[in-house]
Amino acid sequence: MSAIHLQGLVKRFGQFTALKTMDLAIADGEFMALLGPSGCGKSTTMNMIAGMERPSEGRILFGNQDVTGLPMGRRGVGFVFQNYAIFTHMTVRQNLSYGLRMMGRPASEVASRTGTMAEMLGLTALLDRPAAGLSVNILQRLAIGRSAVMEPAIFLLDEPLSNVDAAFRAVMRTELKSLQRQFRQTMVYVTHDQLEAMTMADRIAVMDHGVLQQVGTPLEVYNDPVNTFVARFIGAPGMNLLPGRLLQHAGGLCVDLGPLGISAPLPGPLAAAAASAPAEVIYGFRPEEVQLDPAAPLGLPLTVTERIGARSILHLGEGETSVRAVFQSGEPLPEAGLVRFQPAAAAVRLFDAATGRAIRGV
Amino acid sequence: MQRSLPFQLFRYAAIALALAITLVPILWMVSMAFKPFSEWQSAGANLTWIPNAPTLDNFRFLFGDSGSDLIVALDRTAGKPILSSLLSATIGTVIAMTAGTAAAYGLSRFGSGANLPLALIQLRLFPPMAVMIPVMMMWAFLGLMDTWWGLALIYGIVTLPFAFWLMKTFFDDMPKEIEEAALVEGCSRLRVFTRVTLPMMAAPLAAAALFVFILNWSDYLIALLLTTREWVTIPVYMASLSSSMTGQLYGAKAALGLIAAVPPVILGIMIQKHLVRGLTFGALKQ
């Protein structure tokens, strides 16, 4: 009963439209990440689900119930804020038990549920400490516990890990995922960090400029971006995107990439789809899918080599015609000069240069 | 930072001068309060910083005991004016802080536009005299002249804009997520305000209340216009401390000044913790 349906949701602030017609269905028990750069409308969407803001248009349904006009206290959602919003004039225990006491639960139940949650989050030793002096990491853990102790059917988290330090973030990613597995809540998680979205979410909703770009599993979004924004935004580094022109060459449909040369013939299904597309396209492939080969059709001069522990990133070319290629550190890599390469055939993606939309083979 | 010796000397000289200008009159008042009549009345004869024969005669005199060597007697003692000041300033502060805090919270959270908050300080656009004469007439009509409650009411009204603006700034600075967190847990608005917002605002509330209290406590003009005899306040009463025989009763005035300084100082010490802790809220990474 705690599926979430957003139907034709629009939010305007005066002249500014923060969210343009959002339709999204989140299944019961699903972990959905809203991912996008700042200002993309993900937090606005979240605030409307929580009831902190009224949508300008559209409806919000929890299960079959329309909650669009319901005040936030009556929606039964848990909310974790980016800046914790811990009640600093109370102790850890008072914070954890706040919601239960607010609901008028019997003292014994409040004590036992608070105790269990504190145990789970490793806060037992701190229970009687005032919340004011705690570290940022503990504060966020406490904020998550304060919401989780209510066992809400819908759990909303607004960039909960963006203020904590990197090591703690890794720990919390695992903990949040196991928390969700345990309680089977529907979880909506707003983040601009794709690593968080990719590792925790069942599905990711990628947003930009108030528009929902793509909804899919982390692998779908990674492998088959629907447009160049998603392609560039997902992945670290993002997909290589090169402007080109379709042409018949060497017995197949290829892409003329200007100074780089002409690509290998496109694989069958993609070529079939591209046959009916406009000639101006964007040729895309993941940096991880680059193969070095002296006989390969494409070539660019090496600019910089970045070595990041287990991986090395080759930067080839400059400006519009630049390519990044990721390799494991053990592999022999060129030191300088022209590097010849090609993407793995199955990794090639095409986008319409005019609209940025993916051209997909079946 | 290491600075040159002449600069350091200049710096301390400047500080000493500033301290002398501000502290000397206060020290002089304290000294005078404990001097017997013969010492404070004969100006120029033997000015000393430390009273030669320290005495509490000035205080006794204020409260009705006409003392040993002072031949005049007061027609009223300082007790009632002190009570009047305490009542009117305290109740006035309560009125200003209650109404100001409620208004500031409402406008900070739900208000829009800048006109309404600005309108609240328009009383300050006029010279006090221009406002006070009509107020005097209204108070006379309402039967509030020469009463402590009439004074408390006007103090509450006059200092309300200060309370409002101070509190509005504090509310604007408080992260709204903290309230939203409580709202999401099913807390009502009123309950959020009383259980979450107000306790977290303890420090700013204390600071604003002290500020408003001092404004009320040190008022002279309003009390002079709105009280005549029964409920004059300390400043008005102090101005009347003179006699045809001895002129200004400086010793008694100094003693009364010392008494008047006590409440703000005590309040200041009481809320010092809050003032020092300042107006930052630990919940937010700023």
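1. Contact here means heavy atoms within 4.5 Å. The model is predicted, with local features needing pLDDT of at least 70 and side-chain atom pairs counting only at pLDDT 80 or more, while totals for chains, interfaces and linings use all residues. Residues are numbered from 1 along each chain as its sequence is written, and side-chain values use heavy atoms, with hydrogens and water left out.

2. K80(B) lies in helix α4 of chain B, helices being DSSP runs of H or I with at least four residues, and strands runs of E with at least two, numbered from the N terminus. Its relative accessibility is 31%, so K80(B) counts as partly exposed, a class between buried (under 20%) and exposed (over 50%), computed with a 1.4 Å probe on protein chains only.

3. Apart from neighbours within four places in sequence, K80(B) is in contact with E230(B) and W231(B). Although K80(B) and Y237(B) are 157 residues apart in sequence, their C-alpha atoms are 9.6 Å apart in space.

4. Helix α9 of chain B (residues 189–200) has 12 residues and should span 16 Å at 1.5 Å a residue, which agrees with the 15 Å between its end C-alpha atoms; the expected span is 1.5 Å times one less than the number of residues.

5. Which residues of α9(B) are buried? They are V192(B), F193(B), V196(B), T197(B) and M200(B). Seen down the axis of α9(B), these buried residues fall within an arc of 130°, so they line one face of the helix; the arc is that of the directions from the helix axis to the C-beta atoms. They pack against α3 (98–102) of chain A and against α4, α7, α8 and α10 of chain B.

Technical notes. Chains lettered and ligands numbered in written order.
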